[in-house]
Amino acid sequence: IIFSLWLLIFASLASFASFHFVCCGAIMWTASLWVVLLLCCAGCFAAEEPAAAESSLLLLNDENISEALHGNTDVWMMLFHVEWNSYSVRLRQSFEKLAEDFKDSVKIAVVDSEKSQHAIRRLKITQFPSVVVARMGMVYPFTGRFAYQELYSFAHGGYMAGQGTPLGPPHEAPGVATGEL
């Protein structure tokens with residue numbers, strides 16, 4: 001059907017263009033009118049994009065990480081990543097799936113490390129990508145392979161087999177509380 005419609009429009013364009021060229025020399029005006037018509041028709045037949053499903057993946061940064069972790073008994077699994085690193089980008093896809101799988105039991109979050117320097121210092125992050133679990137004032141670094149099943153097991157309680165360190169105090173921005181500039 002679409003091909004037939006395009007063929008009909010093209011044939012009409014060709015006949016009208018030659019008629020106008022011969023009669024009044026207005027081929028450019030007619031052609032531009034038909035191009036507009038073609039673009040409008042193409043928009044009518046374009047496939048609709050599927051609506052994006054709402055993600056359960058949480059985004060943390062310097063402004064909201066303290067609220068998320070302070071006095072919280074929830075289990076938080078966090079990916080500290082950088083956008084320019086392709087490995088970080090691929091790992092984020094695994095975190096999207098983890099967020100769906102742990103929708104009600106574990107909070108799955110990503111932290112853009114370039115925009116969250118205070119959070120990096122507080123959680124003692126030294127390399128990217130890094131994965132940690134934080135719960136009840138303790139931080140448990142993930143040291144396994146970044147395979148989905150290993151990440152899942154770590155978040156599902158495997159973190160308790162490792163040695164956790166106390167969550168560092170919130171860092172103030174320079175010049176605010178310390179008088180530094």
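This is a short talk on one predicted protein model, from its confidence values to a few local details.

I'll start with confidence, since the model is predicted. The mean pLDDT of the protein is 75, and 64% of its residues reach 70 or more. By element, the lowest confidence belongs to helix H2, residues 27-45, with a mean of 42. At the other end is helix H6, residues 148-155, where the mean is 97. The pLDDT is below 50 over residues 16-52, and beyond near neighbours in sequence that stretch has 17 contacts in the model.

Now to strand S2, residues 75-81. How many residues of S2 are buried? Seven of the seven are, so S2 is largely enclosed by the rest of the structure. In a regular strand, side chains alternate between the two faces of the sheet. In S2, Val75, Met77, Leu79 and His81 point one way. Trp76, Met78 and Phe80 point the other way, and these residues are buried on both sides.

S2 has pairings to two strands that I want to mention. With strand S3, residues 106-112, S2 pairs in the parallel sense over seven bridges. As a reference point for that pairing, His81 stands opposite Asp112 in S3. The chain gets from S2 to S3 through helix H4, and this β-α-β crossover is right-handed. With strand S4, residues 130-135, S2 pairs in the antiparallel sense over five bridges. There, the bridge partner of Met77 is Val133.

Next, the loop between S2 and H4, where Asn85 sits. Is Asn85 buried or exposed? Its relative accessible area is 19%, and the cut-off for buried is under 20%, so Asn85 counts as buried. A polar atom of the Asn85 side chain lies 2.8 Å from the backbone nitrogen of Tyr87. Helix H4 itself covers residues 86-101.

Asp62 is in the loop between strand S1, residues 58-60, and helix H3, residues 65-69. Which residues does Asp62 touch, not counting those up to four places away in sequence? They are Lys115, Ser116, Gln117, His118 and Ala119. The one of Gln117 lies 3.3 Å from a polar atom of the Asp62 side chain. For the backbone nitrogen of His118, the distance to a polar atom of that side chain is 3.2 Å. Asp62 and Arg122 are 60 residues apart in sequence, and their C-alpha atoms are 9.9 Å apart in space.

Last, some backbone geometry. The loop between helix H5, residues 117-122, and S4 contains Pro129. A cis peptide bond joins Phe128 and Pro129, with omega about -5°. Lys124 is also found in the loop between H5 and S4. Phi of Lys124 is near 60°, a positive value in a residue other than glycine. Met136 is another non-glycine residue with positive phi, near 50° in this case. Met136 is in the loop between S4 and strand S5, residues 138-141. With a relative accessible area of 55%, Met136 is exposed.

To recap: S2 is buried along its length, and S2 pairs with S3 in the parallel sense and with S4 in the antiparallel sense.

Key:
Residues are numbered from 1 along each chain as its sequence is written. This is a predicted model: local features need pLDDT of at least 70, side-chain atom pairs count only at pLDDT 80 or more; totals for chains, interfaces and linings use all residues. Side-chain values use heavy atoms; hydrogens and water are left out. pLDDT is the predictor's confidence in each residue, from 0 to 100. Helices (H or I, at least four residues) and strands (E, at least two) are DSSP runs, numbered from the N terminus. Contact means heavy atoms within 4.5 Å. Buried means under 20% relative accessible area, exposed over 50%, partly exposed in between (1.4 Å probe, protein chains only). A polar contact is a pair of N or O atoms within 3.5 Å; within protein, one must be able to donate a hydrogen and the other to accept it, and residues adjacent in sequence count only if both atoms are side-chain atoms. Two strands pair if DSSP finds at least two bridges between them. A crossover is right-handed if, with the strands pointing away from the viewer, the path from the first strand over the helix to the second runs clockwise.
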